[in-house]
Amino acid sequence: MPAAQKPKTSAKGLETRERIVDVAVRFIARNGARGTSLADIAAEAGVSQTGLLYHFRSKEALLNAVMDRHLTFTEEWLWGDGPDPGIKIVDIIARHMTSWPSQHDDKVYSLLGMNTVVLGENVSPDTDLHPRLVDGYRTTIDRVTATLRSAQQRGEMRDDIDPQLKAMEIIAFCYGLEAAWLVDPTIPVADAATRWATQQTTQMAKP
């Protein structure tokens, strides 16, 4: 007999699952994962705790779904123009940052805030999400390093710049401006990001 196939999730089930993740992102951004219970999330999402556990068998499973949401968001804006933007990656980053609103919203603020809070809660190697966060950081550094190295091979970027160190510098800038905007969304993010991108391009490009 053929193996039994796992039943497909209905459209209603998918909608419920997405709503649960939406609520979890908002609550974790505000209260942290440790300060947010499954009961809190279930009540806000309009489901029972048993119903929540039907979609996510544990809090760790829900946290991973929340992190998947952030990963999808990042993939869309950072690599949406293609896998190898070269030194234009700084322009892509600046373009993304100029789209941040001057007041906190339920999407960008919640996603960036959630990610920042989860990072803070999982800096210790013995925390549940630490391995995933380390792997995600290293993967991003590797991908940015690869596109910068490709830019060098194409003759677009100066040969005396270390692609990996520059990638680390770029990601550090992103983390820093994200944190500043989360604290005060009225700061001139667009001007800061645009000027930074111009400076980086001037520094990296071959004369």
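Predicted model: local features only at pLDDT ≥ 70, side-chain atom pairs only at ≥ 80, totals over all residues.
Local features need pLDDT of at least 70, side-chain atom pairs count only at pLDDT 80 or more, and totals for chains, interfaces and linings use all residues. Residues are numbered from 1 along each chain as its sequence is written, and side-chain values use heavy atoms, without hydrogens and water.

Helix 8 (residues 163-183) and helix 9 (residues 189-204) pack at an angle of about 170°, with axes 12 Å apart. The two helices are therefore roughly antiparallel (over 145 degrees). Residues in contact (heavy atoms within 4.5 Å) include Phe 173, Leu 177 and Trp 181 of helix 8 and Ala 192, Ala 193 and Trp 196 of helix 9. By class, the contact has nine nonpolar, two polar and two charged residues.

Two aromatic pairs (ring centres within 6.5 Å, with the six-membered ring used for Trp) were found in the whole structure. Phe 173 and Trp 196 are stacked (planes under 30 degrees apart). Their centres lie 4.0 Å apart, with 5° between the planes. Phe 173 is in helix 8 and Trp 196 in helix 9, so the pair ties together parts 23 residues apart in sequence.

Trp 100 lies in the loop between helix 5 (89-98) and helix 6 (108-121), 81 residues from Trp 181 in helix 8. Trp 100 counts as buried at 7% relative accessibility, and Trp 181 at 0%.

Note on methods:
Axes fitted to C-alpha atoms, helices over the stretch in contact; angles between N-to-C directions. Helix = DSSP H or I, 4+ residues; strand = E, 2+ residues; numbered from the N terminus. Parallel < 35°, antiparallel > 145°, perpendicular 65-115°, else oblique. Nonpolar A, V, L, I, M, F, W, Y, C, P; charged D, E, K, R; others polar. Phe/Tyr/Trp six-rings, centres within 6.5 Å; stacked < 30°, edge-to-face > 60°. Buried < 20%, exposed > 50% of the residue type's maximum accessible area, 1.4 Å probe, protein only.
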